[in-house]
Amino acid sequence: MRRALIGAGLLAMWAGASALAQDPGARRVAGEGKQIYQRANCVGCHKWHGDGGGGYGGDALSLRKSELTRDQIIEVLRCGRPGTGMPYHLRGAYDGDECYGLTREAVGKDMPIEGKTFLRPSEIEAVTDYVIASLQHRGEPSYTDCEAFFGAGARTCNVYKTAAATPSGGTE
Amino acid sequence: MSAFMPSLRKVMLGCTVLAGLSASPVLAADVTPERLLNASQEPANWLTHHGSYSAQRFSTLSQINRDTVKGLKVAFTMALGGIEPGGIWSHGGLEGTPIAMDGFLYVTDGWGSVYKIDVAHGALAWKMDPKTDRDWAGAVACCGVNNRGVALWGNMVVSHTLDGRLIATNRDTGEIAWQRAVADPDKGETVTGAPLVVKNLAITGVGGGEYGIRGWLAATDLTTQKEVWRTYTIPTKGEPGSESWSGNAGAAANGGGPTWVTGSYDPATNMLVWGTGNPGPDWDSAHRPGDNLYTDSALGLDLETGKIKWHFQHTPNDPYDYDSTSENVLVDAQVNGRPTRLALHANRNGFGYAVDRTSGEFIWGTPFVKKVTWTAGLNAETGKPAEYDPALPVQKYNAAVTPSRTNRVSDICPGNMGGKNWQPTAYNPGLQRWYIPVIESCNRITVEETKPGSWKAREFFTGGGPSQHERITGSITAVDVTTGKVTGKAETQFPQLGGLLATPDLVFASQPSGEVTAYDAKSLDKLWEFKTGGGVSAPPMTFSVDGKQYVAILVGLGGAWDKWFIESTPELKKVQTGSTLYVFAL
């Protein structure tokens, strides 16, 4: 029985690996895109689940509820959003007028902040595809979503195990 | 006594072994409750977080003084760790106060690793890495990857981790002896403060006021490793104070009132004096009608039972995030000719307060910032804000600037970081001067209405958020505790994010741009400065080894500032992440 289960597990892994091997796009979304989402500190405001939310940093857009198109997400990643906390990630974004037709001088005090990491165009596409495939229109974050991000058994995901977590003071 | 038997036995065994080698060893003595109680009588050591239970952060050491401080130089530095990212944080930082005993320093990094350092040799004796679950805890830390230091007890080093553990580490070996979970990040709880050890109890405070926790203080008996009491700062329905939470939203269950800064202890009354944080959601005060006890308060609690004996609330029904978590400094002084046992507290709301620490009775209050807009001042009798009306379910204060559902965007002074934040004050008993590390600030608050039932575990629960529309600076402000009047102010380019140390002649401070500075205690003239090249967000302390005085400070910008408030201090954007201990001597 144990051997059979292990076999099934291996089969599932092989099937997964095979799918990724056959579909470079899927591999990019699952691996590189998520890795960039973490490395470029998207998690810092939009959180791992992309739902953003208010707090000390103000209100980060919910990527889960966003209706932005692929091209629009790419543009925001490249250029940031003037007048908000969303940084730009394209090196030299406002040196010319390729961002919203605005130069650094024209955008003035609404100049977006500079991202902690600059991203190459291919990296911006990879993280955009990750947002579209794994976050956008995905409803409320689930335990499965959380384990897919942090790995199986992560304590960060505990609160998604039960439908309603108990408020801190609810039992005392 | 039995509490110290195991370690005593070890010491005795050690003596036997070493005696056999005909050495004459100096074995580190156990840290007894009596030593902790009389910590200020051992000026060579810095045995507790605030230097003594009174939280004065004053040392009588005077080798480094007004005349000699010009010759202060780096004795050694040590690179530490703990800068890894986790949760919503891109790096950790340093906010801890080193503990010094018998020639060794005990310091922590933001993720809770403890380092024991041999001062004479500038060498690392051991490091204890608690393997903090960084994503679990870092996702619910509102304000940085922080750990403010350790406590000593017996032969143990007692520390906290951001993911809510209390850990006892063998002081000789660096091995973890035992640990227990005290706080639960699944509920949005974290622990950033140093434990306060009194008698055999380790007191733990909790963070999470921005995540809708219900705040508490917990006491762990170090001899049994079991919790002996836990006092919630928000009363259960029917308990005194519960009537201060009205409305139908069930707000008390997620009402905040955290306790994340180490408190003080008054042996004369056997009471802890501890500050509590803001009510939640921070800025939507209409969600939680009433005064919201015991948020934004100084509490006097019985050490043995945790029972709240008195309280003084600074900002009832707080709509500003003006919490009261920072320390209460216990000082005996003549006020208006009357001997008084004071608890001093510098609040985020811009006012310094003195209350009677035996009863919570208001003595005096004074603004210590340059600009206060939210109130016209304090009522001279009660200490409450002048506009406070106990009949109002939702306080208006100066309604023109107060964040509310009808005033959705407003500029407040001080800004929500204060005033003065967790960074500790210092007190000079000879001069009767109290020094406050000030954030001279205004910022902009945007209110969002909180829908009943909208609280989610591990998500921000703030009812809006702050933004920075203008530059924020700082100062070190001195107050005469006998009159409650400001006597001096040394302005600084950046806000005070590190905290202070007082010696007979001097006040030591820092800047987030990297400077460590000594000021004249009387004139507040700058006498000495050293540029560390890193960012400082930790308090200085002093100690001596073999008759030589040292000043130590952790360097590595941490906390909330570089993520949430950096736009008000744009020059600090270039400060690099770092993690270093600096030790100075003549």
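Rings of Phe, Tyr and Trp (its six-membered ring) form an aromatic pair if their centres lie within 6.5 Å, and such a pair is called stacked if the planes are under 30 degrees apart, edge-to-face if they are over 60 degrees apart, and tilted otherwise. The structure is a predicted model, in which local features need pLDDT of at least 70 and side-chain atom pairs count only at pLDDT 80 or more, while totals for chains, interfaces and linings use all residues. Residues are numbered from 1 along each chain as its sequence is written, chains are lettered from A and ligands numbered from 1 in the order in which they are written, and side-chain values use heavy atoms, with hydrogens and water left out.

**Exercise 1.** Find which residues the ring pairs link into a cluster in chain A, and classify the pair of A:Tyr88 and A:Tyr94.

*Solution.* Ring pairs join A:Tyr37, A:Trp48, A:Tyr130, A:Phe149, A:Phe150 and A:Tyr160 into a cluster. Over all chains, a search of the whole structure gives 31 aromatic pairs. For A:Tyr88 and A:Tyr94, the centres are 5.8 Å apart and the planes make an angle of 75°, and the pair is edge-to-face. Both A:Tyr88 and A:Tyr94 are buried, a word that stands for under 20% relative accessible area, with exposed meaning over 50% and partly exposed the range in between (1.4 Å probe, protein chains only).

**Exercise 2.** Classify the pair of B:Phe312 and B:Phe362, and locate its two residues in the chain.

*Solution.* With 5.9 Å from centre to centre and 15° between the planes, B:Phe312 and B:Phe362 are stacked. The pair links distant parts of the chain, since B:Phe312 belongs to strand S17 (residues 308-313) of chain B and B:Phe362 to strand S21 (residues 362-367) of chain B, 50 residues apart; strands (E, at least two residues) are DSSP runs, as are helices (H or I, at least four), numbered from the N terminus. B:Phe312 and B:Phe362 are both buried.
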